[in-house]
Structure formats: C-alpha cells, structure tokens
Amino acid sequence: MSKGIKVKKGLDLRLVGEASKELVSTRESKTYVIKPSDFHLVVPKMIVKEGGRLKKGDPIFYAKGNEDLKVLSPVSGTLTKIERGAKRVILRIFIEADAQQEETVYNPVNISSAKPEEIKKAWLQGGCWPFIMQRPYDVIANQGTTPRDIFISGFSTAPLAADVDFVLQGKEKEVQVALSALSKLTSGKVHVGVNSTSGLFATMKDIELHQVSGPHPAGNVGTQINKLSPVNKGETVWTIAPQHLAIMGEMLLTGKYNPERIIAFVGSSLENPKYFKTKIGAELDPIIQEIGLKGDNVRVINGDVLTGVQTEKQGGHLGFANSVVTVIPEGDDYEFFGWNKPVFDKISTSRALTFSWLNPKKKYELTTNTNGEHRAFVLTGNYEEVFPLDIYPLQTLKACMVKDLDQMEALGMYEVAPEDFALTEFICVSKQPHQQIIREGLDLMYKEIG
Amino acid sequence: MGLKENLHKLKMKYEGKKMAPAFNALHTFLYLPNMITKGGTHIKAADDLKRTMNTVILALVPCLIFGMFNAGFQHYAAINGLPEGMSFFSTAFWNMDNFLLGLVTVLPLVIVSYGVGLAIEFLFAVIKGHEVEEGYLVTGMLVPLIVPIDIPLWMLAVAVAFGVVIGKEVFGGTGMNILNPALTIRAFLFFAYPTWMSGDKVWVHEAVERAGTPDAISGETILGSYAQNSDVMYSLQDMFFGFIPGSVGETSKLLIVIGALFLIFTKVGSWRIILSTLIGALVMGLIFNGVVDAGWIQEGSKFFGLMSVPFWQHLIIGSILFGAVYMATDPVSAAQTNKGKWIYGFLIGFISILIRVFNPAYPEGVFLAILLMNVFAPTIDHYVIQGNINKRKKRLKVKTA
C-alpha cells in the first residue's frame, strides 16, 4: 500500500434518505429499456429490428464507427419498440422479457494465460467494454490504446452513495478476476483508492492500494488521479466504477453476461430506503412502490443527486452504469422572501444568513429548486474551497465557454471529467451549469484534437 | 396564498414578452422563483446572487445610518463648535436634529443613485432580453456613501448614468465589467466636477453656500489638513469613531471594521484582499516614515505633513479602510485567483498611500489606486495562472525526458 492521499478541500453533503443495509430481491421485470444516451458519444447502429428476438447476452446495437463496441441485451425477449426523438435519434429501446430465459454464452477466458487481446475481445463481445472509461475526454475507452494506468475508486463519497463493499458482496472472485485482467491491459498499474484497510479491495492482488481520506470528492476517481499521477497531454488512463467489476469478472470466468446488480434506492422521498437486487434496464416502478413514496411530486434520478440523470417519474428504468437510484422532492414552488430571509433547512458553504455551518452533522432534505436564477459568474474564490484538483476551476470553465482550445488544454482539461465539477456546480451562486460546460468543452476537444 | 398564485399567473402571462425581465425582477424580490434544476446537479446550495448582494448591503447599512447622523453632526459642529472627547454613544452625536438633517440630505442621494441606476439596468435588461442582474444593488448603495454630502443631485444622476452605461453595460453587464462601477461613478464626478469633489468646502452641509458670507463654515478633511501641513484638530478617537468630515459613509472606521468582520465571516468578502490592502498601506506608510526619519524630507516640504503621519494612522484617516473593505473586494473587478488577490490587494494599499502623499492637491488616492489595480487585475491573474500552466508543462517534460 502506498502512502495515503489526504484530500482537504471539498464538501460532504449529508442528506436524508440513506439506504439501510438490507437487501431485497425483486421479481423479474416485464420490460427492459436500454438508453443509448447512457453511452456518451456512441451513435447506435441497431443489430436487431423492432419485433426481433433476443437472447440474454445477444447484442442489441453496436457503435457507429466501432463495430466491436457492443451493447448486450440484459434479458431474453422481444425487442418491441425503438423510441426515436428529433432527427430520428434513438432515445429508448424496449425489450419485453420472455417467461423462459435463454442465454448466449461466450467463451470463458483463462486469466493466468490470457493475452491482452483475448481479454479485450472477451469484454468487447461480452458487452462489458462500455464500463471502461478513459481520460482525457471522459468517454468510453478506445480499445486500441494501452493506458498508462488504470484507476478505480473503491469507495464513494457522493451524497447517499451506495456502499461499494455491500454492492459487491459475494462477488469477490469475479472482482479479483476483473482486476487481474485489467492489470494485463495497462503498461502501468491498476490503482485502487480505498477509505478503509479492511474492505473488499484490501486483500485483492494485482493492484496498488491507496488509502484516501477527506470529504467529497475524495471518492471521485478524478480526485485520486489528480493526487496520485495527473494525466499529461498525450497520456491516456482508464477508469472503471467499482460496481462494474463483478459483471466484467463474471464474463471472463463463465462467458455469461450477468447484468444483475445491487442498487441502493435512496432519497428523502422514499419511505424506507434500502438495497435491491435488480438488473440493468429493469423497471423502477415496482421497486419504488415496494419501498413507498412520500408525496407525489418527486424526481427519480438514475445516479446520485450531483451527477445522476433524471428519468421518467413513472415508467422509468434502471440506467446502464449507476449503482444508486435517488428519489427526491421536486422544488417547483415559490418561497416568500426566500432570497433574504435566514435559511436553516438548506446547505450552504457561505454564512450569508445561511446557518448550515452551525450544525455540520445535520442531514438535510433538499429539493430540486435552484434557489435562484441563472446569472453571469460573479463570485470568485468559492469554487476553490470545494475543488481539490490542482486546476483553476473558474478559469477552466470560462475557457470552455469561449471555446479557447489552447487555454483549455493548458489549464488541464485532459485531467477532468464533468463529475469533478459537480460540487462547484452545487455551490455556484450564479447557478451556472458547470458539468454541462465541461462536457461540451471535452466533446469539442475530442472532436478537434482527440 | 392568493398573492403567490396571482403573481404566478401574471408571470405566465408575461412569459416571452419584452417586459418579462422587468416583471421577473420585481417578482423575484418577493418570491424565490419556482425554477427547478435541469441536467447537472439536481440539488443546489441555498445561496444565490441576490443573497450575496444583500449581505454586502447589510454590511453597508450601519455606515449609511452613521453617515446620516454625521451629516447633521458636522453641520451643527461647524456652526456651534466641536464637542470634546465624545464617546461613541454620545448623545451629542446620536440625536434627532442630526438625524433629520442627515435624512433630508442623504436620502435624496440614495434615491437618485438607485433610481437612475436601476432604471438603466431595467432598460438594458428589457432591450437585451436578459434577467435584471443584482450587481447594481450594491453599487447603488455604495455611491451615496462615497460622495460629498452636498453634491448636486443632477451631477450624481449624470455620473450614475455614465458609470452604469460606460462602466458596466457596454461590457455586457454584471460580471463582465473591468472597472468597479461605483468607483467609475466617483471618478467621473472627480474629473468632471472637481470643485464639488475636493477642497475644504464640500464635506459639510451648507459650507459651499455659506462661503464668503459672515456665517462661513469650513469642513476640512483630515487629509486636507495634513496635505497643507496645518494642524489636525481631531483626536484619534474621533477619527476611529468617525466624528469627522468626509464622504457620507466612509468616516466611521469602527463601523467599517464591523462591516469587514461581517463580510469575512459570511465569506462574501475576500479576507485576502482586505488584509493585503491594509498590509500594503502599512508598508508604504512605514517607508515614508523611514524617509522622514532619515531626514531626506525636511519640515516645510509640501510632502512632510502626510509623510510624517505615523504609518498606522493612515488606516484611520481618509477612505483607505472603506475602499479596502467594500471597493477592492468587488469580485468582478478584483483579481480572481487566491494568489492574485494577495498581490492585487497589496498593491492597492501601497499605491493608495503613495498617491495620498505625493498628491497634496487631491490627497485621496484610494479610488484611483483601486481603479488602476482593476485594470491590472487580469494581468496579475494571467501570471498566477501561468504558474499553474507551467507546472503542468514541466510535469510533461519530466515524463518525456
């Protein structure tokens, strides 16, 4: 184990609605939905047409320009509908599950003797490749590259995050196989950041463990990369969220695509937040009903409150990559003199008649209200307090807004992902969409440079 | 909540219309809007720009109220003589006569400042179709506090119009301006109407009208006295408490210090800028004291008066403290990096005292120093950021070498 990483800057958001460590299995879902928007910059080319039959593990579509990159069906059934939006962009792919499940099985890989190409091939055809992200640009990794290092954050500090050890329980073997396989794909090491010495990763082989402490975003992989070994121009590193390792390992061990995962259902709008065993693309409604909703006017989020994606309030489905589903109240109401009266029930990093500093351990019940209108950037110095990366956040955002590619490169855009700017977006007094600005900046760079 | 629903209906009716920003500006003063997050973070912190600006205004209110009392106090003191050895809560200061005179002289300044400035802000918001930004709420409060008491209202109106349009709107409004708008307004007044902005007649109510008559009164500021090497008739205590002539709101150092502590505590004002400005001023004061001690400047030199002021007293005379706390800290026109803020503030303090000493005709240099550093703030930031960029390049070089 290397010397520890101490993150000083940041902010822990304590919210109501943490999941109790209680695991419930769900009934098989009737329909499954895959959203191509979960795969950033991938333009789907359908392999199966509407009405086509799929076995579990059969490819649904591949990426335009990269035929090897496939997304598999989480279930055997019939592809009933391809929902399209403006310019015929595919929004959702609906699959109706069969009563009798059939499965396509690929060849298992023997890790101890496998070459990197065999591992890559297994994950590509086995639908696991989209779990591997790369920096720069925070997109799905290019299978043709050999990354300098691979980074995995073994814990999460995001608000109401799922407990990684709980989510991966019983999957120790699969995780170890995935880690060993990853270590063969890089010229460097597989770095895993952990917050305790006794967790799941503590006993794993073929990795470099790092003890990380501090407030959110200490658990973000971007923070750990920046503290350990920042990405330089011309270098590539890969990142993988820990919850994917089980599926990736199982593919190598058995050749089977097992989209089952344990998801934390959290948020202040849920009666009894806990963990559920379900599958990628499965219906959320039955689970949310089982937990019980407080109030009708809620928002369902695939992911955490900072980086997640809003999904349908009714008829939503689990996303491809998230390990958390958050349900919080919508805040579409006016608040009388809300801009100048003392505030006790919301989080704030200032003390401008906001009193969350009085009670740092208190848990809050926040709504989706923006607490103010969009403005130009005015305040300075406040982002730096919650931004631990050695990068100037405000200047980077402004460089992205004016599309100054040289400046973006110089200021360190190769090192960041939108999620690194989630906290600065949260505290932004001007209510600017930081993550969107960074996302568009990265996409522009990817198009022009990468 | 009938009002809430009615306003909501009105808002829907105005939506997309030309006047929508004007309506929304008023509406959002009553109610925090019903806006919800779209994409990005689904929750947001409690603060918005209105709250931030409101915090600065709260910090300014004591200065304004004190300024009203002081306006009356200076007027009557000039006629009847200055009471000796007042404590801060002396009734010779805090009485109805003083307040009423202050009210009728200061309130019109506030009304003109806000009226003209906000009218222009609304106009630009409607023409350009963006929301009315809150920046002027603070500027409009600062302006009456940094002008002489008897400034003709039309002059103030012209200056405010100039400051808001040229100082801010031409750059794109709040957040885009290079110069501090309040100081742009003051600079405009200073250069367009210098007789109303300096000298010994403008700081006390009616001093100008009475000049040359048997009832003539004088209201020399302390800086003016020093610059002319004449005796200063105020005690240190008076200077600190603020029972002295000067611009409306800048005299009470005690209340400014309290305001500064409030701004720093609420994290709205940058403690780095405030502290480094004061350090800069003290360093320059020390240098001048050293020059005097070394005997390079003799008594009788026109610089001697201000140069020989004990260095720490520079902080309680003139408007350096007010400038450091409320003007230099304007986040838009100041340096934006933390390191840059130290340099920016230090140079403001340093140059303020430099101008103060070497410009006996107009001995207040704080606003010029701040405006000058406003111009250089992006340059300071550029070099600070370049440091970060170079570090990144060096990292790359070590790797490839």
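## Finding your way around chain A

Into which domains is chain A divided? There are four of them: domain 1 (5-12 + 107-254), domain 2 (28-97), domain 3 (261-329) and domain 4 (370-448). Please keep in mind, as you look around, that this is a predicted model.

Let us start with domain 1 and domain 4 of chain A, whose centres, taken over C-alpha atoms, are separated by 25 Å. Domain 1 of chain A brings 20 residues to the contact, and domain 4 of chain A brings 18 residues. On the domain 1 side, the most comes from helix H4 (residues 221-228) of chain A, which gives four residues. By class, that side of domain 1 holds nine nonpolar, six polar and five charged residues.

## A six-stranded sheet in chain A

Next, look for an open sheet of six strands in chain A, with the order E2-E17-E16-E20-E18-E19 and mixed pairing. Strands E2 and E19 (309-311) of chain A stand at the edges; each has a single partner strand, so one side of each is left without a neighbour in the sheet. On average, and ignoring direction, neighbouring strands of this sheet are turned by 35 degrees against each other.

Two of the pairings are handy to trace by eye. Strand E2 (residues 20-25) of chain A runs parallel to strand E17 (residues 274-279) of chain A, with four bridges between them, and A:Ser20 has A:Lys274 as its bridge partner in E17(A). Strand E16 (residues 260-266) of chain A is likewise paired in the parallel sense with strand E20 (residues 324-329) of chain A, over three bridges. Here A:Phe265 of chain A finds its bridge partner, A:Val325, in E20(A).

Is E2(A) buried or largely in the open? Of its six residues, the number buried is zero, so E2(A) lies largely in the open.

## The two domains of chain B

Moving on to chain B, the domain assignment gives domain 1 (49-266) and domain 2 (270-390). Their centres, taken over C-alpha atoms, are 21 Å apart. Across the boundary, 29 residues of domain 1 of chain B are in contact with 28 residues of domain 2 of chain B. Several helices of chain B each supply at least two residues of the domain 1 side: H7, H10 (222-227), H11 (236-241) and H12 (253-265). H12(B) gives the most, with six residues. That side of domain 1 divides into 17 nonpolar, nine polar and three charged residues.

Helix H7 (residues 181-192) of chain B also meets helix H5 (residues 135-145) of chain B: their axes come within 8 Å and cross at roughly 35 degrees. The crossing is right-handed. H5(B) makes the contact through B:Thr139, B:Leu142 and B:Val143, while H7(B) uses B:Pro181, B:Ala182 and B:Ile185. Sorted by class, this contact has five nonpolar residues, one polar residue and no charged residues.

## Where the chains meet

How many residues of chain B are in contact with chain A? There are 49, and they are in contact with 63 residues of chain A. On the chain B side, the elements giving two or more residues are helix H2 (20-30), strand E1 (31-32), helix H3 (49-80) and helix H17 (366-400). The largest share, seven residues, comes from H17(B). By class, this side of chain B has 18 nonpolar, 19 polar and twelve charged residues.

Note on methods
Residues numbered from 1 in each chain as written. Chains lettered and ligands numbered in written order. Predicted model: local features only at pLDDT ≥ 70, side-chain atom pairs only at ≥ 80, totals over all residues. Axes fitted to C-alpha atoms, helices over the stretch in contact; angles between N-to-C directions. Left-handed = near helix turned anticlockwise from the far one by under 90°. Contact = placed C-beta atoms within 7 Å. Nonpolar A, V, L, I, M, F, W, Y, C, P; charged D, E, K, R; others polar. Buried ≥ 20, exposed ≤ 12 C-beta atoms within 10 Å, placed from the backbone. Pairing = 2+ DSSP bridges. Domains from an automatic or database assignment.
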